[in-house]
Amino acid sequence: QVQLVESGGGLVQPGGSLRLSCAASRVIFSSNTMGWYRQAPEKQRDMVATVTTNGRTNYADSVKGRFTVSRDNIKNTLYLQMNGLKPEDTGVYYCNLDYGFGPSAWGQGTQVTVSS
């Protein structure tokens, strides 16, 4: 099964920036959606940003204008550039790979903490 490994999380002050990466060990189907999902303390896991193989993006309203999701299809790597970070952005960020059918794959998550 495909393995997704997130990296780039850490502690940052409000207004700071962070860049997350997610490397997929392999992608079986070329047509897919990769995305970032966040689980804040005592909250459910919610979509933050997704991007399809052809570059179509979708963002949660709370991060529009601040976050940019992108992907490198050759490297099978997903990125999330986070600018203007706010305390409410704190949470564990999980990488997801979805072929559009069957179960999707999840990474182990990377912690992002925004605090002064």
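I began with the secondary structure and counted zero helices and 11 strands in the protein. Helices (H or I, at least four residues) and strands (E, at least two) are DSSP runs, numbered from the N terminus. From the N terminus on, I read the elements as β-β-β-β-β-β-β-β-β-β-β.

I noted the ground rules. This is a predicted model, in which local features need pLDDT of at least 70 and side-chain atom pairs count only at pLDDT 80 or more, while totals for chains, interfaces and linings use all residues. Residues are numbered from 1 along each chain as its sequence is written, and side-chain values use heavy atoms, with hydrogens and water left out.

Overall dimensions. The C-alpha trace spans about 40 × 25 × 20 Å along its principal axes. I looked up the radius of gyration (taken over C-alpha atoms; the globule rule is 2.2 Å times the number of residues to the power 0.38). The protein has 13 Å, which agrees with the value near 13 Å for a compact globule of 116 residues.

Burial. I found that 40% of the 116 residues count as buried; buried means under 20% relative accessible area, exposed over 50%, partly exposed in between (1.4 Å probe, protein chains only).

Core. A nonpolar core is a set of buried Ala, Val, Leu, Ile, Met, Phe, Trp, Tyr and Cys residues joined through side-chain atoms within 4.5 Å. The largest one has 28 residues, and Leu4, Trp36, Leu80, Met82 and Tyr93 have the most contacts inside it. Strand 3 gives the most to this core, with four residues. I then listed the contacts (heavy atoms within 4.5 Å) of Leu80. Leaving aside neighbours within four places in sequence, its partners include Leu18, Leu20, Trp36, Val48, Phe67, Val69 and Tyr93.

Disulfide. I searched the whole structure and found one disulfide, that is, a pair of cysteine sulfur atoms within 2.5 Å. Cys22 and Cys95 form it, with their sulfur atoms 2.0 Å apart. The pair links distant parts of the chain, Cys22 in strand 3 and Cys95 in strand 9, 73 residues apart. The link is left-handed, with -80 degrees about the S-S bond. Cys22 is buried at 0% relative accessible area, and Cys95 also counts as buried at 0%.

Asp89. Is Asp89 buried or exposed? Asp89 is buried, with a relative accessible area of 1%. Not counting residues up to four places away in sequence, Asp89 touches Arg38, Val63, Arg66, Phe67, Gly84, Val112 and Val114.
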